[in-house]
Amino acid sequence: MSVPFKKSIESLEDRFVIYAEAYQKLMREPVENIDRLKKAFKLSLITFQTNIDSTMEQLDKISKPILIMYGELDEKLYKESGLRMVTSLNTKTELKGYKNSHHLMTSGKDRDLIQKDILNFLNGLKW
């Protein structure tokens with residue numbers, strides 16, 4: 001995972017609209033009420049970003065191994081956030097990018113490799 005650290009609410013709203021429109025097209029529903037949905041979810045987006053920023057400021061408290069993953073076809077902000085996490089964590093950390101993946105990595109071309117990497121990471125932990 002990588003997160004949109006320090007991303008503006010407006011940028012999150014724009015991304016929300018893109019996903020809402022794509023979902024409505026996928027479900028063969030008319031693309032409508034996007035502005036109403038955007039207003040309804042604005043507080044949730046603000047809370048989401050506040051929680052991300054708070055977590056990112058406390059990364060040094062994490063003591064367990066972390067695997068950070070991002071799609072290289074996604075916005076470069078996600079790689080940058082991953083790099084920030086690596087430098088802020090005080091634990092064993094691995095950062096891995098997937099060259100054929102966008103934001104929804106587990107449903108893209110790198111899906112099998114991502115699943116394999118997750119299993120390898122989990123199996124490598126001392127439980």
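A residue counts as partly exposed when its relative accessible area lies between the limits for buried, under 20%, and exposed, over 50%. Phe 41 has a relative accessible area of 37%, so Phe 41 is partly exposed. These values come from a predicted model.

Phe 41 also has a partner. The structure holds 1 aromatic pair. Phe 16 and Phe 41 form this pair. Phe 16 belongs to helix 1 (residues 9-26), and Phe 41 to helix 2 (residues 34-56). The pair therefore ties together parts that are 25 residues apart in sequence.

The two helices return at the largest pocket. This pocket holds about 210 Å³ of space. It is lined by 11 residues, and closest to its centre are Leu 12, Arg 15, Phe 48, Tyr 78 and His 103. Helix 1 and helix 2 are the elements that give two or more residues to the lining. Helix 1 gives the largest share, 4 residues. By type, the lining has 8 nonpolar residues, 2 polar and 1 charged.

Now take Arg 15, one of the residues closest to the pocket centre. Arg 15 sits in helix 1. Is this residue buried or exposed? Its relative accessible area is 13%. That falls under the 20% limit, so Arg 15 is buried. Beyond its neighbours up to four places away in sequence, Arg 15 touches Lys 7, Asp 74, Glu 75, Tyr 78 and His 103.

Definitions and conventions:
Residues are numbered from 1 along each chain as its sequence is written. This is a predicted model: local features need pLDDT of at least 70, side-chain atom pairs count only at pLDDT 80 or more; totals for chains, interfaces and linings use all residues. Side-chain values use heavy atoms; hydrogens and water are left out. Rings of Phe, Tyr and Trp (its six-membered ring) pair if their centres lie within 6.5 Å; planes under 30 degrees apart count as stacked, over 60 as edge-to-face and the rest as tilted. Buried means under 20% relative accessible area, exposed over 50%, partly exposed in between (1.4 Å probe, protein chains only). On a 1 Å grid over the protein atoms alone, a cavity is a set of points where a 1.4 Å probe fits but cannot get out, and a pocket is an open set with protein on both sides within 12 Å along at least five of seven lines; lining residues have an atom within 4 Å of a point. Grid points are joined across faces, edges and corners, and a volume is the space filled by probe spheres set on the points. Ala, Val, Leu, Ile, Met, Phe, Trp, Tyr, Cys and Pro count as nonpolar, Asp, Glu, Lys and Arg as charged, and the others, Gly among them, as polar. Contact means heavy atoms within 4.5 Å.
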